[in-house]
Amino acid sequence: MNIILLGPPGAGKGTQARILVEERGMVQLSTGDMLREAKDSGTEMGKLVADVMARGELVTDEIVIGLIREKLETTKANGFIFDGFPRTLKQADALGELLAEMGHTLDKVIELRVDDEALVARITARSTCGNCGEVYNDNTKPIPADGVCTSCREKAEFKRRADDNEDSLRTRLMAYYKMTSPLVGYYYAKGLYARTDGMGEIGAVKASVAGLLDS
């Protein structure tokens, strides 16, 4: 099963993706992670990515599709989770063509819907484990007093993103809605789109996502 998770920054895509990886043996393909991995890999594609990033230029859709192709060709999994791609209709077309070419299907597109004001409150209180990326919140899931992450069970440095502030977040939300809204109609027309409440407790969102995937 191959799926896309849609949702603005802080909607919980990373958390739900990790659950699917652990429980279903899927592989998360995060654009940011793939670019960082490629840049340090020393492969021909990696050298191209490193050169583009060194010049401060945006990585093209063709490069990202190339990285996704490499992952699909070399990774064994019970399905893939596309996180952070596609973001535009052009990218959606390119991903669909690649999957068809390689004999894969896209089975579901799930959007984690959120309330903007609640999301701002959530994100401005967010920290992550520097080891495994587990997310903490000052109000609902405080950093353990002993500094040991409850997920990786290691002593960790807990980090806050510099752009996890209200002004920056509202700008990021506007960019997300502007770019991604067309994807909702695109995948709805293909019968792939579903949505769930991303503001619930992690367990409730997990159950909802599972229900959508198994329906």
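Trainee: How many disulfides does the count come to?
Mentor: The count comes to 0 disulfides, a disulfide being a pair of cysteine sulfur atoms within 2.5 Å. Cys 132 is in no disulfide, and its nearest cysteine sulfur, that of Cys 149, is 3.7 Å away. Please note that this is a predicted model, in which local features need pLDDT of at least 70 and side-chain atom pairs count only at pLDDT 80 or more, while totals for chains, interfaces and linings use all residues. Residues are numbered from 1 along each chain as its sequence is written, and side-chain values use heavy atoms, with hydrogens and water left out.

Trainee: Is Cys 149 buried or exposed?
Mentor: Cys 149 is buried, with a relative accessible area of 1%, whereas Cys 132 is partly exposed at 30%. Buried means under 20% relative accessible area, exposed over 50%, and partly exposed in between, using a 1.4 Å probe and protein chains only.

Trainee: Changing topic, what about Arg 172: where does it lie?
Mentor: Arg 172 lies in helix H7, residues 166–189. Helices (H or I, at least four residues) and strands (E, at least two) are DSSP runs numbered from the N terminus. At 17% relative accessibility, Arg 172 counts as buried.

Trainee: Which residues does Arg 172 touch, leaving out those up to four places away in sequence?
Mentor: Arg 172 touches Pro 9, Arg 126, Arg 161, Asp 163 and Asp 164. Contact means heavy atoms within 4.5 Å.

Trainee: And the backbone: which residues does a cis peptide bond join?
Mentor: A cis peptide bond joins Phe 85 and Pro 86, with omega at about 5 degrees. Pro 86 lies in the loop between strand E3 (80–83) and helix H5 (89–101). For context, most peptide bonds are trans, and most residues other than glycine have a negative phi.

Trainee: Which residue has a positive phi although it is not a glycine?
Mentor: Arg 153 has a positive phi of about 65 degrees. Arg 153 sits in the loop between strand E6 (135–137) and strand E7 (158–159), and it is exposed, with a relative accessible area of 64%.

Trainee: Lastly, the overall picture: how many helices and strands are there?
Mentor: The protein has 8 helices and 8 strands. Buried residues make up 41% of its 215 residues. The C-alpha atoms fill a box of roughly 50 × 40 × 35 Å, taken along the principal axes.
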